[in-house]
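Here's a friendly walk through the structure shown below. Have a look first, then read on.

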Amino acid sequence: MADNYLEKRYDAVFGKGAVKTVVKKVNPSLDSLLLRNRSHRSFLKEHVVRPDELLKIVEVNAKLPSAMNQQVLRFKMVTAGSPESLVLQQSIRLGGALPELHLPAPGTEPEAFIVVCSCVPEGRYVDIDLGISLQSMGLKAVELGLNATIVCAFDKVKVKEELQLPSEPLALLLVGKGQDKIQLLSIDETADHRYYRKDGIHYVPKVAVKDLIIK
């Protein structure tokens, strides 16, 4: 720009000789988001999820692909400390492969939830949308510095009645600051797929890429 306008303007605002710094925003890669998008079964009570954070997570659904573009999923946001939060805490079952641990442990229960419902009866295309939605919302939660765990093992009848939902809930997304130490393990496709815990670490077996590819 003529006469170094921008440089003169910078000096006028910040003082002549001020060090000019450029802040670069680094967006997380998809790989890093996927690695951090793990299913936590215990959450930090000290970290309260704000309503605006839940809204940002739900908002991704306005940008997602949808089977036949039907867009039939609807979302109920439940914040910490609400009566609905207590209902959901009492309705979920976590850690099915580790029943002896009775997860979540007292004092680590999730308090913020997103309840996913459908405007039409559940079917093939609804389930396609459901998977896309839950994964995308989980990734958004991680981008916000949170964690989100998908739960389908819950009392659907109780949740529908207590939350006065217009249709049957299909899944829950537990949102919070996870505190589990989780590690992925690469396994052969014939190995045991069940997750387990050892020395305070939650291990999650994942089939190696070589076994995922059809030759």
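## The chain at a glance

The chain exposes about 13500 Å², and carbon and sulfur atoms supply 56% of that area (accessible areas come from the Shrake-Rupley method with a 1.4 Å probe, and for residues only the protein chains shown count as cover). Of the 215 residues in the chain, 36% are buried; buried means under 20% relative accessible area, exposed means over 50%, and partly exposed is in between (1.4 Å probe, protein chains only).

Keep in mind that this is a predicted model, where local features need pLDDT of at least 70 and side-chain atom pairs count only at pLDDT 80 or more, while totals for chains, interfaces and linings use all residues. Residues are numbered from 1 along each chain as its sequence is written, and side-chain values use heavy atoms, with hydrogens and water left out.

## Helices and strands

How many helices and strands does the chain have? The secondary structure comes to seven helices and seven strands. Both are DSSP runs numbered from the N terminus: helices are H or I with at least four residues, strands are E with at least two. Starting at the N terminus, the elements go α-α-α-β-α-β-α-β-α-β-β-β-β-α.

Now for contacts, meaning heavy atoms within 4.5 Å. Among those between residues at least 6 apart in sequence, 71% join residues at least 24 apart.

## The sheet and its helices

Four strands form an open, antiparallel sheet, in the order β1-β2-β4-β3 (two strands pair if DSSP finds at least two bridges between them). β1 (73-78) and β3 (147-151) are at the edges with a single partner strand each, so one side of each has no neighbour in the sheet. From one strand to the next, the twist averages 20 degrees. As for angles, they run from 0 to 180 degrees between N-to-C directions, and axes are lines fitted to C-alpha atoms, for helices over the stretch in contact.

β2 (residues 112-118) and β4 (residues 169-176) pair in the antiparallel sense over six bridges. C117 has P169 in β4 as its bridge partner. Helix α4 (residues 83-91) packs on the sheet and touches β1, β2 and β4, its direction making about 80 degrees with that of β2. Helix α5 (residues 124-143) packs on the sheet too, touching β1, β2, β3 and β4, and its direction makes about 5 degrees with that of β4.

Which residues make the nonpolar surface patch of about 320 Å²? M68, Y125 and I128 do. Patches are made of residues with over 30% relative accessible area and no salt bridge; like charges are joined within 9 Å, and nonpolar side chains (Val, Leu, Ile, Met, Phe, Trp, Tyr) within 5 Å. Y125 lies in helix α5 and is partly exposed at 37% relative accessible area. M68 sits in the loop between α3 (51-59) and β1, and it is exposed at 66%.

Most residues other than glycine have a negative phi, and most peptide bonds are trans. M68 has a positive phi, near 60 degrees. Q164, in the loop between α6 and β4, has a positive phi near 55 degrees, and Q164 is exposed at 70% relative accessible area. Then there's the peptide bond from L103 to P104, which is cis with omega near -5 degrees; P104 is in the loop between α4 and β2.

## Contacts and salt bridges

K158 is found in helix α6 (residues 156-162) and is partly exposed at 27% relative accessibility. Leaving aside its neighbours within four places in sequence, K158 is in contact with V87, Q90 and S91. K158 and S91 are 67 residues apart along the chain, yet their C-alpha atoms are separated by 7.5 Å.

A salt bridge is a side-chain nitrogen of Lys or Arg within 4 Å of a carboxyl oxygen of Asp or Glu, and the count comes to nine. One of them joins K210 and D188 (3.8 Å, N to O). That pair links distant parts of the chain, 22 residues apart: K210 is in helix α7 (residues 209-212), and D188 is in the loop between β5 (182-187) and β6 (196-198). K210 is exposed at 52%, whereas D188 is partly exposed at 36%. D52 forms a salt bridge with R50, with the closest N and O atoms 2.8 Å apart. K45, E109 and E111 are linked in a salt-bridge network.
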